[in-house]
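Please open the model in your viewer and keep a selection panel at hand. The stops below say what to select next and what is there.

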Amino acid sequence: MNCNCGGTAESTKDAALATMLAEYREKPGALIPVLQGAQAIYGYLPETVLAQIAAALHLPLSHVFGVVTFYTQFHLQPRGRHIIRVCLGTACHVRGGAAIFTALQQHLDVNDGETTEDQRFTLESVACIGACGLAPVITINDDTFGRLTPEQLPEILARYA
Amino acid sequence: MEQVTLTIDGQAVTVAAGTTVLAAARSLGIHVPTLCHDPDLTSEGSCRLCVVHVAGARTLMPACVTAVMPGMVVQTAAPEVVEARRTIIELLLANHPNDCLTCERAGTCALQEAAYAYGVRFPEAGSPLAGEKHQWPPDESNPMLLRDMNKCILCGKCVRACAEWQQRHVLDFGFRGFATKIVADMDQDLIGSSCVYCGACLTVCPTGALLDRRSIGRGRPWEREHVRTTCGYCGTGCQFDLAVAPGQQGKRQVVEVVPTAEAPVNGRSLCVKGRFGTGFIHHRDRLRQPLIKKDGQWVAASWSEAIALIADRWQAIKADYGSDAFGVLASARATNEDNYVIHRLARSVFGTNNIDHCARLCHASSVTGLVASLGSGAMTNPIADLAVTDFFLVIGSNTTESHPVLALAMQKALKRGAQAAVIDPRRIELAGQAQWHLQLRPGTDLALLNAMAQVIIAEGKVNADFVAKRTENYEAVAEAVKDCTPEWAEAITGVPAAIIREVALAYATAPAGAIYYTMGVTQKTTGTHNVMAIANLALLTGQIGRPGTGVNPLRGQNNVQGACDMGALPNVYPGYQPVTDEAVRRKMAQAWHVPPESLSLQTGLTLGEMLDAVDAGTIKTLLIMGENPVVSDPDSDHVVQTLQKADFVVAIDLFMNETTELAHVVLPACSFAEKTGTFTNTERRVQMVRQAIEPIGEARPDWQIITELAAAMGQPFGYTDVAQIMKEIAEVTPSYGGISHERLAVTPQGLCWPCPAPDHPGTPRLHEQAFTRGLGRFHGVSYLPPAEQPDDDYPLILSTGRRLFHYHTGTMTRRDPGLAALYSEEHLEMHPDDAQALGIGDGDWVQVTSRRGSMELALRITDAIVPGTVFTSFHFAEALVNRLTNPARDTLAQIPELKVCAVAVQKIAAPEGYQRPVHKRVLV
């Protein structure tokens with residue numbers, strides 16, 4: 001694989017992928033579960049993995065890529081250890097969600113959908129989290145933070161290593 | 001079929017159930033606009049431009065995917081329909097560059113046409129529609145296609161054409177919402193993708209999103225004229241239109257190749273060579289004047305000077321040494337008319353039968369073997385029969401690279417559920433798609449074929465009724481193969497016995513089973529026997545003479561079938577009439593107004609024998625038309641030495657090449673774009689080639705050059721136009737008796753010979769009632785190993801073949817800048833095991849040496865090739881593989897064993913400054 005962060009770990013992942021592909025090889029309609037499984041193994045979907053999946057499932061590479069880029073759940077780039085989702089839905093918009101988002105962008109030095117260089121955070125905007133009563137709101141992993149002001153952000157982020 | 005009556009715009013129409021509303025409307029002459037619909041593709045109904053009002057329907061219905069229903073009442077131009085269409089066009093224009101003034105597609109753009117028809121303009125500034133537009137950089141990464149996704153309207157036709165016509169699936173929709181765009185593989189530039197540049201996407205694109213880069217700025221559509229013609233590359237016989245426009249000094253130039261749905265063989269599919277490989281036509285290297293070698297230097301001459309000189313020399317040679325001091329190499333690239341005329345020159349002016357052409361190097365063994373077995377040496381069934389075959393064998397044919405458009409029919413058959421077995425030492429593309437790949441050792445085909453016959457007999461799968469009624473000499477094959485068990489063959493071929501058994505039975509028991517083969521079978525010292533063994537299989541099983549069956553040698557060049565048909569062979573006049581037959585001689589003499597005695601009754605020399613005769617000094621002069629034997633024939637160094645020995649060599653060609661350099665006079669010929677005539681494709685289909693542009697420089701069509709030479713030799717042929725030649729061909733050639741340019745002009749599907757009379761429809765399928773020779777004849781043929789076996793000094797087997805992007809000796813394709821860029825140099829394929837043993841790495845340079853010569857090129861390591869074998873093509877004169885190949889010949893057909901010779905490979909330093917091409921497109 002194209003990563004030098006520890007050969008053993010990589011080969012374990014490759015073995016897990018191979019096992020999964022063997023299991024799904026002859027099953028029609030397996031692409032999405034296979035992509036989910038591969039993303040669970042690697043944390044994202046490297047291009048070489050997409051090529052392997054296409055070959056194993058006898059699907060065109062362009063088709064696999066089309067599916068991956070259609071769904072927001074799939075990622076072509078490595079993801080951060082912590083996923084920040086900033087709500088920009090109507091209620092959060094009214095109550096200053098954009099300012100929160102801008103503050104996070106500046107603080108982390110990333111754009112929407114990007115991951116910090118140290119792989120610590122991935123920043124994403126979302127349309128609604130369903131917690132309008134707490135607007136403006138963000139989630140980090142499974143934790144929710146509501147009624148935010150930009151000043152609170154550094155302290156919150158510091159909790160996530 | 002069930003009929004449905006409905007009403008469209010107040011008119012009642014009755015159509016077959018399942019017809020779309022769109023088709024029903026069009027059958028009434030009602031225009032319904034479309035963007036994503038194409039009659040040759042499945043419909044997705046995604047653009048919604050074709051919506052119509054259907055009484056009682058909840059919403060407007062897309063006509064292209066709505067099936068007719070009884071009593072349906074349709075309105076195609078109701079106010080709400082027009083409003084909906086206007087909105088769709090407005091939304092498309094809202095995200096479309098406003099550059100129609102300079103867009104190459106102006107005039108043929110479907111979006112522009114729709115906007116014009118519905119009076120829709122680009123949104124005004126400040127309009128709610130004047131929003132964000134894409135600003136993607138155009139993809140100019142490759143030499144053929146310009147992809148500007150900002151002009152894409154996401155109709156998806158390119159995606160479907162790539163998948164449905166070409167089975168390539170390079171393109172698909174990527175991303176989502178506003179960001180949606182058509183991506184190649186993983187959204188890379190085309191040059192880094194798996195694209196093979198067939199141009200299908202370009203053919204169906206409704207806007208300027210996809211363009212032929214080379215035609216940009218070379219004339220508006222209304223300035224262009226389209227000339228229907230036949231491709232000059234492989235033997236598939238694709239037709240297309242050459243788009244020509246006025247160029248510099250007002251001379252017309254070929255600016256683009258435009259596919260046409262009316263092409264009988266290929267429809268709108270083409271390969272990269274046919275679609276884009278026209279760069280050679282106007283190339284600066286084209287010969288523009290006759291050249292005479294004076295003191296070792298080429299000097300331009302007038303036609304009259306050159307012709308007078310040639311006639312003088314020839315007359316002297318004829319007087320001094322007689323007729324058989326002449327040798328003629330005709331050309332499988334030239335038209336039937338060209339070949340007929342050069343054959344007449346050889347026989348009636350020179351008085352010799354020493355005429356041959358490169359068919360000797362490809363399918364001589366097919367002609368000899370199939371004539372002996374079946375009575376006719378040509379492909380028995382039409383390409384279209386692949387649509388009804390249940391099982392097909394592909395032997396020694398890398399069809400997707402050598403006959404790319406014909407291969408599409410094979411791939412479609414596989415997709416439909418037909419089964420296939422590929423017999424090839426390399427895991428070629430088709431091998432990956434077929435059910436079986438029999439990866440045999442090169443040169444062991446006959447053992448495999450005999451084992452298949454043994455299985456069919458031993459397992460009781462012989463079609464006894466067919467054998468009894470339609471064949472003879474069954475005992476010979478039964479005796480010859482009785483010990484050829486699959487286990488015996490496994491030891492020789494390396495193919496597991498169980499697989500041999502399985503494939504033999506699959507072929508024998510298929511309702512319709514066919515065999516397709518090419519050079520892997522024929523270019524062997526046992527080539528003729530290999531072909532007979534193939535015929536044996538068809539005769540044993542009765543898999544011949546019916547749709548979807550047959551013995552199908554795929555002919556290599558555009559007109560190799562025709563050149564053979566025209567008697568560019570040492571033993572036969574046109575239509576395979578023996579030169580030794582007195583009655584035929586009298587007929588020909590009468591047609592040519594010459595005394596019968598002036599025509600030789602003695603079979604002439606084959607290509608290889610002619611070179612031997614030059615070497616021996618018995619042939620003094622050669623006339624070479626459109627061939628490059630230095631690069632194409634085995635043992636190139638010997639060919640060069642031989643040509644240097646000839647007293648006088650005349651070459652007719654488009655370009656100076658390795659062979660013409662050795663001539664004494666070179667005459668400039670017209671390319672296929674500059675002349676009219678006919679080509680006969682691999683399925684015996686005679687099709688028109690039409691002049692699209694004026695000759696380049698002073699070039700002339702071959703037939704005209706030869707006619708003038710004949711006249712200068714004192715025998716005017718009297719042809720003033722090319723149609724007269726076909727008239728004469730029809731008069732003297734029974735199988736072409738009903739073919740004329742006049743008839744072809746009104747027969748767009750062409751005519752398959754035998755076509756003996758003007759009212760005969762032609763014969764797409766041979767041997768239906770009886771074999772051409774009466775009964776099919778079995779031949780007992782025994783396996784013999786190749787002439788040269790690997791040994792300690794030369795431990796590897798070298799096999800040769802072709803690449804998608806090039807054609808034969810590369811004189812044309814390597815002069816097309818696009819093809820040359822996509823595949824810029826040759827390499828040697830080697831299995832990783834062999835590379836490891838020799839300590840050579842991928843990309844290293846190697847010297848490959850046989851007993852005859854050596855060459856140097858880069859190595860490519862691939863597990864697609866059987867260990868112990870190396871492979872390369874013969875397209876590149878710098879990596880001249882035919883310096884190494886073995887001239888050992890099949891004794892029956894005189895075809896050399898180009899597919900197998902023993903070589904040694906050693907690592908060498910790369911040439912100084914060598915850089916490996918980054919984007920070379922390699923298929924295997």
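Begin by selecting Arg214(B), which at 21% relative accessibility counts as partly exposed (buried means under 20% relative accessible area, exposed over 50%, and partly exposed in between, with a 1.4 Å probe and protein chains only). This is a predicted model, in which local features need pLDDT of at least 70 and side-chain atom pairs count only at pLDDT 80 or more, whereas totals for chains, interfaces and linings use all residues. Residues are numbered from 1 along each chain as its sequence is written, chains are lettered from A and ligands numbered from 1 in the order in which they are written, and side-chain values use heavy atoms, with hydrogens and water left out.

Next select Arg765(B) and Asp385(B), whose side chains meet in a salt bridge at 2.9 Å, N to O. Arg765(B) sits in the loop between β30 (751-752) and β31 (776-777) of chain B, and Asp385(B) in the loop between α10 (364-373) and β17 (391-395) of chain B, so the pair ties together parts that are 380 residues apart in sequence (helices, H or I of at least four residues, and strands, E of at least two, are DSSP runs numbered from the N terminus). Both Arg765(B) and Asp385(B) are buried.

**The cysteine site in chain A**

Move to Cys87(A), Cys92(A), Cys128(A) and Cys132(A), which UniProt lists for "binding site" in an unreviewed entry; such annotations may be inferred rather than shown by experiment. These four span 46 residues in sequence, yet no two of their C-alpha atoms are more than 9.2 Å apart, so they gather at one spot. Cys92(A), found in helix α5 (residues 90-94) of chain A, is buried, with a relative accessible area of 2%. By contrast, Cys132(A) lies in the loop between β2 (121-126) and β3 (138-140) of chain A and is partly exposed, at 43%.

**The nonpolar core**

Finally, select Trp314(B), Tyr340(B), Leu345(B), Phe350(B) and Leu667(B), which touch the most other members of the largest nonpolar core, a set of 90 residues (buried Ala, Val, Leu, Ile, Met, Phe, Trp, Tyr and Cys residues joined through side-chain atoms within 4.5 Å). Apart from it lies another core of 52 residues, among them Phe466(B), Val495(B), Ala508(B) and Leu537(B).

Technical notes
Salt bridge = Lys/Arg side-chain N within 4 Å of Asp/Glu carboxyl O.
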